[in-house]
Amino acid sequence: MNEPVLTEITLEDIESLAVGAWILGTGGGGSPYLGLLNLRRLYAEGYRVQLMSPLDLDDDDRVAVVSNMGAPLIGQERLADSRNIARAVEMQEEFGGFKFRAVMSVEIGGGNGTQALMAAAHLNIPVVDADCMGRAFPEAQMTSVAIGGLRPYPCTLYDPRGIEAIVTKVPSWKWMERTSRKICVEMGSIASTSKAPRTGREVKDWGIHFTTTAAIRIGRLVREANRLHTDPIAALLESEGGKRLFTGKVVDVARRTTEGFLRGSVAIEGIDDDRGSRLELSFQNEWIVAWREGKAVAMSPDLICVLESISGHAVGTETVRYGQRVTVVALPAPAVLTSPRGLEFVGPRAFGYDLDFRSVFEERAGAGV
Amino acid sequence: MRRIGIDVGGTNTDAVLLDGDKVVFAVKCPTTQDATSGILDALKALRADPAARGPVDAVVIGTTHFINAVVQRRNLMKVAAIRIGMPASASLPPFCDWPQGLAERVRGEIFMLEGGHDYDGRPIVPFDTAGMRAAAQRIADLGLRSVAVSSIFSPLDPSCEIAARDILQEICPNVAVTLSHDLGRIGLLERENAALLNAVLHDLAVETVAAFRKATAESGIDAPLFLTQNDGTVMQAETAIAFPVMSFASGATNSMRGAAHLSGLDDALVVDVGGTTSDIGQLRHGFPREANAVVEVGGVRTLFRMPDLLSIGLGGGSHIDPASARVGPLSVGYRLTQDALVFGGIQLTATDIAVAAGLLDVGDRSRTASISKDMIAAALTDATRQLEENIDRMKTEAGDAPLIAVGGGAFLVPERLAGVSQIIRVPFGDCANAVGAAIARVSGEADQVFRDLTRDEAIAAALEIAERKAINAGADPRSLKTIEIEDMPIAYLPGNSLRVRVRVAGALSRIEASREVA
């Protein structure tokens, strides 16, 4: 086993991570607030979390991939608990008969951005600076590891009243999503899960790298700008190579649930430079397509982020409301998501839009299909 | 019906007498340290006028007393916190996100017990009644006198909280109990925080309501006493003793409700210009639009019914920067009558500009002679710009809307503003908050998740719950009106789960009111 460089994540980093993960949540994934509270408490009790580069993993290392599954509203009553997520990881170890070298989050965006840190604190192993989405997506198969065709099982689910479930085998990632979702609903529509374990080689090949530090960096920029009363959004765009799409005021919100997802649209009326124009956003838990004058101007997997115009903090699809002053920005998607196979999993057609993916960043970067 | 409305603000205590819908008399007195002697002064002044004598049907007080106690960390009790829901939510115990100093001051003992519910009504695990009895005994032994109880998903199924209260009443009958589901919304930590804040205010609530009663009795008024709530409705004094947190943000709401009443408009923008700040809000169906968000009170995250307000640093006492002619956000505040030029001071304020411009006639106008015409014009332009920008921020749809300008600093609102169709000024506008208190209505709210119902059925079910609550709180059933319906489909739940929040309000029932007197 090689000796990795481990960096201790400070509490200040975690405060930034919570802000950055919420932005990378692209409207979904739940708020990282409760995860942040858990980590504040763990740090107060003396726990610490170490961060390691995915490039420092040995090929045959095992990495636990964790997430909290369920409805964000349920999470406001049955609160995120660091011990539960650690238990889901231990179940994988007991089932597989091995020990994990490290742990990573399935998605850095939203509340799940803190799950790996919470598990790592209890298990006393490092967090890998990587995830499988580089943002948030609504379904389990919308990951880089699914795009890579890696094995989707086994998956453990833990419920604190003593229900422990393992989905040992499924024919596809979609079946894993369906089966584990059913179990999750029985558990009260919230469960701590540890997804199919990954090898160090798999994480190096298919993980989306350095997203934990990206979330910390983004959060730090925004918090710093808030402190200095400078423009957090300008700082974010410059640092991350993002693009401002629209500035305006939310004038209409329509929500509905279909097949368990929160779908709907938000209309934003332009102010300042965008006065007289209107942007519509379609969402499925996360912001999926931005339309201007009926034309799709940005779409998944490019990250569409709605930010409060003054503070630069993220606005979620569950919390967006009339009258909010927002700036809509796009951040470039990780390359694996915009590959032809990636687009099958997370492109506009995966969400039911008959659109050919066209990146907002196409002109600049020459990327896209 | 003759009602007295009183608003105890930071600077002034305003009192008005309304006969039916008409303002008979209005008076302003300085607010005093203890609040109650200011109320007594205002009531005495009011009763000194012949037109304002005679019987009164209700006295309604809007006060910031309780929120100030939390913010200033005064008169707070040590409380016990009981959380029901283990083994879920174990890692984030009560007080976990409170400012340390405040938590240390009020944290008596924490009890975490098994129980609680899932969103669909299934128990998480059975309620640990033996553990609850032991907790009650410990509370009695420790001599704690106020307890807050929260249970997971209690807004959907309050049975664990109710069972806990029954056990407390049996084992320590003299303890005051706050149940979190009585305070509202889904969101365990925020609801629990509201219950805890309520519990720490118990003694102060008892004392304050007694003092308010004494003040009204001493002015020779024999009428039931009500306190206004954050949402522009009232609660009986007895209820206010049990729920002091419900009055936390009533001042701004009263002012907006008063503006609606005095202007006769139910849908309009309102700007309340005070000494230090201007509060901008929007009336919908005569009530302020609510903030649908977490609100921090004294550093504690809570979910309350709070008006959605934008507060900007523009008021009658705002400093004028001599270089830029920028108005505010600094203010002379309550020192206006000493520090402003027209009152003999040396600070150029918005009031001085208004006097110099002939918009206002107070103090010594000759002391504004040295202010240049350019300065006057530039300062007024800046005030206009600030108002236009922020009024636009509060609008929810495009197009011009009417604006009601109230408050003592309303002279800063010009005759025309971009985005405003009409500027409405009303008699007694500087006492709009006391008028809002006097006309406050009684409300009821429901916030639940419904499954396997159509949207219409779910809303009807929620309406019935809300109406029952309003009637129980003293509303006249015939006058009930729906104030707000909000439905929110919930992601990842089966059975087309729909969360419905409904609020209704009605006029004070006279019979109910006089019964309380007897």
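Chain A and chain B bury about 3800 Å² between them, and 55% of that area is on carbon and sulfur atoms. Buried area here is the accessible area (1.4 Å probe) that two parts lose on being put together, summed over both. The size of an interface is often given in this way, as the accessible area lost when the parts come together. This is a predicted model, in which local features need pLDDT of at least 70 and side-chain atom pairs count only at pLDDT 80 or more, while totals for chains, interfaces and linings use all residues. Residues are numbered from 1 along each chain as its sequence is written, chains are lettered from A and ligands numbered from 1 in the order in which they are written, and side-chain values use heavy atoms, with hydrogens and water left out.

**Confidence**

- The model scores ipTM 0.90 and pTM 0.85.
- pLDDT is the predictor's confidence in each residue, from 0 to 100.
- Chain A has a mean pLDDT of 93, and 96% of its residues reach 70 or more.
- For chain B the mean pLDDT is 88, with 95% of its residues at 70 or more.
- Over residues 364-369 of chain A, pLDDT stays under 50, and the model has nine contacts beyond four places in sequence for them; contact means heavy atoms within 4.5 Å.
- In chain B, pLDDT stays under 50 over residues 511-518, for which there are 11 contacts beyond four places in sequence.

**The interface of chain A and chain B**

- In chain A, 46 residues are in contact with 46 residues of chain B.
- Between the two chains, 21 residue pairs are in polar contact, both residues being at pLDDT 80 or more.
- A polar contact is a pair of N or O atoms within 3.5 Å; within protein, one must be able to donate a hydrogen and the other to accept it, and residues adjacent in sequence count only if both atoms are side-chain atoms.
- On the side of chain A that touches chain B, the elements giving two or more residues include helix 4 (82-96), helix 7 (173-186) and strand 11 (243-258).
- Helix 2 of chain A gives the most to this side, with six residues.
- Helices (H or I, at least four residues) and strands (E, at least two) are DSSP runs, numbered from the N terminus.

**Salt bridges**

- The structure holds 51 salt bridges over all chains, and eight are found across the interface of chain A and chain B.
- A salt bridge is a side-chain nitrogen of Lys or Arg within 4 Å of a carboxyl oxygen of Asp or Glu.
- One of them joins the side chains of B:R191 and A:E77 (2.5 Å, N to O).

**A hairpin in chain A**

- Strand 14 (residues 286-292) and strand 15 (residues 295-299) of chain A run antiparallel and are joined by four bridges; two strands pair if DSSP finds at least two bridges between them.
- A:R292 stands opposite A:K295 in strand 15 of chain A.
- The two strands form a hairpin with two residues between them, and A:E293 in the turn has a positive phi of about 50 degrees.

**Backbone details in loops**

- The peptide bond from A:S300 to A:P301 is cis, with omega near 10 degrees, and A:P301 lies in the loop between strand 15 and strand 16 (303-308) of chain A.
- B:M86 and B:P87 are joined by a cis peptide bond with omega about 5 degrees; B:P87 lies in the loop between strand 5 (79-86) and helix 3 (100-106) of chain B.
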